[in-house]
Amino acid sequence: MDSYPAVEDHGLIGDLQTAALITKDGTVDWFCAPRFDSPSIFGALLDRRKGGHFQLSPDGIDYASKQLYLPGTPILITRFHSADGVGELLDFMPVTGERATNRHRLIRLVRMIRGSMPFRFVCQPRFNYGRDPFELEVHPEGDVFRSQTLNLTLTLFKDAKGLIDAGAIHRDAQGVSARSTLHAGDIGGVVVETACPHAPRALSTEEACELLAETRDFWRRWVDRSRYRGRWREAVERSAMTLKLMTYAPTGALVAAPTAGLPEQIGGQRNWDYRYTWIRDASFSVHALLRLGFTDEAEKYLLWLDARIRDARDPDLPLQIMYRIDGSPDLPEEVLSHLEGYRGSAPVRIGNGASGQLQLDIHGEALNSLELADRNGLIAPYEGWRKTAELMDWLCEHWDQPEDGIWETRSGRQEFTYGRMMSWVALDRAIRLAQRRGRPGDTTRWTTERNTIYEQVMKRGFHPGRQAFVQHYRTDILDASLLAMPGLGFISPMDPMWESTLRAIDAELVSDSLVYRYDPNASPDGLAGTEGTFSMCTFWYVQALAQAGRIDDARLTFEKMLTFSNPLGLYSEEIAPTGEQIGNFPQAFSHLSLISTATHLDDLLDQQR
């Protein structure tokens with residue numbers, strides 16, 4: 001626990017209400033409960049000494065470890081290889097269902113495949129980001145860590161051959177630990193459970209294996225619903241499962257990532273809390289889910305979005321850019337100054353002050369997803385449409401003003417080209433919906449404003465000197481968000497204005513196929529430091545290349561991008577210049593754009609063939 005593992009050296013497990021990250025050495029170093037956005041119980045990811053962890057790994061020997069998922073599931077298998085034996089650790093969380101609960105179980109099953117191997121387990125929870133003390137209670141079948149906010153129960157399998165003897169367990173003010181040597185055929189395990197209402201009751205090995213089978217079958221049934229049969233099935237299905245793992249089942253809300261505070265630059269200040277639902281991210285997910293045939297998941301999110309539109313009350317900002325997973329709009333940002341941050345990357349922030357920003361593009365993403373859903377038979381209810389029409393009336397009055405932009409810069413508002421373009425998308429899709437379904441709405445006004453936006457973007461968003469669309473009207477800086485222009489139908493991919501823009505992005509923002517969002521040195525965003533290439537932008541770049549007829553370039557770029565996932569097929573937010581993953585992990589934006597790009601590229605390759 002003296003050093004930080006690489007971001008990509010983690011696997012993700014979850015139960016559809018919360019999730020855990022587990023390192024290649026068998027350490028749970030991130031786990032929040034009872035929800036994704038709850039305080040951490042194990043938070044060593046952000047402070048190795050103070051954050052808390054739950055380790056189960058070989059002890060005092062040289063070993064190599066590898067991770068994989070049980071095929072068709074997010075059940076994580078960590079394999080330990082030494083000169084004397086091979087051990088295997090299975091980590092999983094039984095699915096909790098759609099009713100919100102404080103009870104969550106993390107089951108860790110270890111078995112010896114051949115030879116022998118000494119193991120050690122250490123359970124040191126640190127409640128409320130390490131701020132709340134706890135008391136340890138010892139019971140006949142397990143231990144209970146009691147804090148003022150939450151209880152955590154720890155039990156060992158009660159009949160497991162080779163399991164640690166109860167007399168070998170050490171307890172102190174830090175937590176619980178033990179050592180044992182396992183031999184071929186031995187099996188054992190340990191369970192942690194939050195908010196257990198009764199005294200600890202140890203699982204039998206048989207019960208644990210039944211829960212493992214139930215979890216396996218749930219996930220295989222779910223992924224079998226995918227209708228994708230294209231060239232990149234393994235990557236697409238893994239991305240779909242990852243998005244499902246990051247969805248809060250009681251509401252259908254998708255978190256941007258299950259982590260907080262992972263830096264975009266090691267030692268830098270760009271350390272944000274992503275455990276919330278962005279209108280933008282979740283709306284993009286509708287496209288990915290519908291392409292795979294996951295209609296139920298898309299519909300559940302659309303109901304969540306419909307509720308946010310109906311709840312809009314603030315005349316200055318009717319729709320926030322992000323919410324908590326239960327729809328709450330309050331996300332006050334604070335700094336956890338007692339934590340050092342991942343590899344010393346402070347400050348560690350929880351909450352997100354960007355929630356109060358004005359980002360005009362979210363209306364386009366929301367309406368684009370509603371229109372796509374409508375074409376797939378998911379029709380908005382009357383009250384939802386009425387509030388959507390009111391939102392479009394608000395947009396007609398407010399689109400032509402400075403805003404904070406898609407990248408949540410903190411350097412002041414600008415007339416961002418992407419925000420204007422997405423306002424055009426919002427009004428265009430609203431007009432389509434009203435005309436297709438005969439719904440009431442001031443379509444004459446919407447059409448007038450839509451056309452005005454289009455003319456403004458074409459005249460002011462395109463820089464004659466650069467021969468490219470630029471980040472905002474008062475700059476000549478390029479921005480990768482504009483790669484979305486042809487895919488949204490704003491401009492033809494064969495338009496000379498777009499072809500010259502793509503050439504400019506090729507020259508300035510692309511580095512060996514990876515794409516930067518923008519150059520923060522040339523376009524200050526209010527924060528010190530730099531960042532890596534943005535994975536979602538690279539996938540957008542693939543689509544832009546394909547739409548421009550550069551199919552071979554698009555496929556090669558996509559294949560290169562697949563090499564940057566970790567061995568489990570997971571992507572963080574960004575790729576550092578060294579090739580390692582940085583930023584919050586795994587990132588929904590990265591995975592949903594992988595799905596959309598793979599399905600789109602498949603279609604184009606099939607047409608070409």
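Colleague: Does aspartate 512 count as buried or exposed?
Modeller: This is a predicted model, in which local features need pLDDT of at least 70, side-chain atom pairs count only at pLDDT 80 or more, and totals for chains, interfaces and linings use all residues. Buried means under 20% relative accessible area, exposed over 50%, and partly exposed in between (1.4 Å probe, protein chains only). Aspartate 512 has a relative accessibility of 57%, so this residue counts as exposed.

Colleague: Between which strands lies the loop in which aspartate 512 is found?
Modeller: Helices (H or I, at least four residues) and strands (E, at least two) are DSSP runs, numbered from the N terminus. Aspartate 512 has a positive phi of about 50° although it is not a glycine. The loop that holds aspartate 512 runs between strand S24 (510-511) and strand S25 (514-515).

Colleague: Does tyrosine 129 count as buried or exposed?
Modeller: Most residues other than glycine have a negative phi. Tyrosine 129, however, has a positive phi near 60°, and this residue lies in helix H1 (residues 127-130). With a relative accessibility of 5%, tyrosine 129 counts as buried.

Colleague: What is the omega of the cis peptide bond that joins alanine 33 and proline 34?
Modeller: Proline 34 is placed in the loop between strand S3 (27-32) and strand S4 (40-42). The cis bond that links alanine 33 to this proline has an omega of about 10°.

Colleague: Where is proline 347 found?
Modeller: The peptide bond from alanine 346 to proline 347 is cis, with omega near 5°. Proline 347 belongs to the loop between strand S20 (334-335) and strand S21 (349-350).

Colleague: Which residue stands opposite phenylalanine 119 in S14?
Modeller: Two strands pair if DSSP finds at least two bridges between them. Strand S9 (residues 104-124) and strand S14 (residues 176-183) meet this with eight bridges, in the antiparallel sense. In S14, the residue facing phenylalanine 119 is serine 180.

Colleague: Which residue in the hairpin of S13 and S14 takes a positive phi near 155°?
Modeller: Strand S13 (residues 170-171) runs antiparallel to S14, and two bridges join them. Arginine 171 stands opposite valine 176 in S14. Four residues lie between the strands of this hairpin, and the residue with phi near 155° is glycine 175.

Colleague: Which residue in S27 is the bridge partner of phenylalanine 534?
Modeller: S26, S27 and S28, in that order, form an open sheet of three strands with antiparallel pairing. Its edge strands, each pairing on one side only, are strand S26 (533-534) and strand S28 (581-582). S26 is joined to strand S27 (residues 574-575) by two bridges. Phenylalanine 534 has as its partner in S27 glutamate 574.

Colleague: What is the volume of the largest pocket?
Modeller: On a 1 Å grid over the protein atoms alone, a cavity is a set of points where a 1.4 Å probe fits but cannot get out, and a pocket is an open set with protein on both sides within 12 Å along at least five of seven lines; lining residues have an atom within 4 Å of a point. Grid points are joined across faces, edges and corners, and a volume is the space filled by probe spheres set on the points. The lining of the largest pocket comprises 23 residues, with His287, Asn368, Gly487, Leu488 and Gln543 nearest its centre. The volume of the largest pocket is about 640 Å³.

Colleague: How many residues does H3 give to the lining of the second largest pocket?
Modeller: The second largest pocket has a volume of about 390 Å³. Among its 19 lining residues, Glu234, Ala235, Arg238, Leu568 and Gly569 are the closest to its centre. Strand S6 (64-69) and helix H3 (233-245) each give two or more residues to this lining. H3 gives the most, and its contribution is seven residues.

Colleague: How many charged residues are in the lining of the largest cavity?
Modeller: The whole structure holds seven cavities of 30 Å³ or more, and the largest cavity contains about 270 Å³ of space. Of its 21 lining residues, Tyr274, Trp407, Glu408, Arg517 and Glu573 are the closest to its centre. Ala, Val, Leu, Ile, Met, Phe, Trp, Tyr, Cys and Pro count as nonpolar, Asp, Glu, Lys and Arg as charged, and the others, Gly among them, as polar. By these classes the lining of the largest cavity has ten nonpolar residues, two polar, and, as to charged residues, nine.

Note on methods
Residues are numbered from 1 along each chain as its sequence is written. Side-chain values use heavy atoms; hydrogens and water are left out.
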